[in-house]
Amino acid sequence: MRPLTPDQIRLRAELAAAQEQIVTLLRSAVGESLGPEQAQAVAEEARAWRGANAFRLVRYLSDRPDALSVPSSDCPTCVVRLLAVLTAVGHGDKVVLVACGDCGRTDPLPTNNGPAGRLCSRCAG
């Protein structure tokens, strides 16, 4: 196995710091009933635990303290998925799903970008 380059080491450290911040931000938004392991599992299921999505999630949650209870229509897709996962695992009373900017529905998830914000697949098609 090749040794890691300094850039790889730096990126891994930045990702680890972002992951710690994700857990902290999720727990402060949802409450202590969301344990650290569950916070990680939720972020993993929402595809927001690794890579660019982890950094997007940290930026979004850091910039908007009420991001999970009042999500914006231009939030990253990983936030749309995160809200759905949090709802599915029993924290729906602490979060608000993002609604389609056209029809207002939350199912299917509005994961497409549109002029009115997030759009569901029906409205985006």
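Contact means heavy atoms within 4.5 Å. The views below show a predicted model, in which local features need pLDDT of at least 70 and side-chain atom pairs count only at pLDDT 80 or more, while totals for chains, interfaces and linings use all residues. Residues are numbered from 1 along each chain as its sequence is written, and side-chain values use heavy atoms, with hydrogens and water left out.

View 1. Helices (H or I, at least four residues) and strands (E, at least two) are DSSP runs, numbered from the N terminus. Buried means under 20% relative accessible area, exposed means over 50%, and partly exposed lies in between (1.4 Å probe, protein chains only). In α2, the buried residues are Ala 39, Val 42 and Ala 43. They sit on the same side of the helix because they cover an arc of only 95 degrees around the axis. That arc is taken from the directions from the helix axis to the C-beta atoms. Which exposed residues does the face turned away from the buried side carry? Glu 37 and Glu 45 are found there. The cover over the buried residues of α2 includes α1 and α4. Just after α2, Arg 47 takes a positive phi of about 55 degrees.

**View 2. The largest nonpolar core.** A nonpolar core is a set of buried Ala, Val, Leu, Ile, Met, Phe, Trp, Tyr and Cys residues joined through side-chain atoms within 4.5 Å. The largest one here has 31 residues. Ile 22, Leu 26, Leu 57, Leu 61, Leu 68, Leu 82 and Leu 86 touch the most other members. Four helices each supply at least two residues of this core: α1 (6-30), α2 (36-45), α3 (51-63) and α4 (77-91). In soluble globular proteins, nonpolar side chains tend to be buried together.

**View 3. Around Leu 26.** What does Leu 26 contact, leaving aside its neighbours within four places in sequence? The partners are Gly 31, Leu 34, Ala 39, Leu 61, Leu 68, Leu 82 and Leu 86.

**View 4. Helix α4 and Cys 78.** The buried residues of α4 include Val 79, Val 80, Leu 82 and Leu 86. Arg 81 and His 91 are buried too. Their cover includes α1, α2, α3 and β2 (117-119). Cys 78 also belongs to helix α4. Cys 78 counts as buried because its relative accessibility is 2%. Beyond its neighbours within four places in sequence, Cys 78 is in contact with Ala 46, Arg 47, Ala 48, Asn 53, Arg 56 and Leu 57.

**View 5. Salt bridges.** A salt bridge is a side-chain nitrogen of Lys or Arg within 4 Å of a carboxyl oxygen of Asp or Glu. How many does the structure hold? There are 3. Arg 10 pairs with Asp 7 at 3.8 Å, N to O. These two residues lie 3 residues apart in α1, about one turn of the helix. Arg 10 also pairs with Glu 14, at 3.0 Å, N to O. Glu 14 and Arg 10 are 4 residues apart in α1, again about one turn. Arg 10 is partly exposed, at 40% relative accessibility. Glu 14 is partly exposed as well, at 35%. Shared partners join Asp 7, Arg 10 and Glu 14 into one network of salt bridges. Elsewhere, Glu 32 forms a salt bridge with Arg 27, with the closest N and O atoms 2.7 Å apart. Glu 32 is exposed, with a relative accessible area of 61%.
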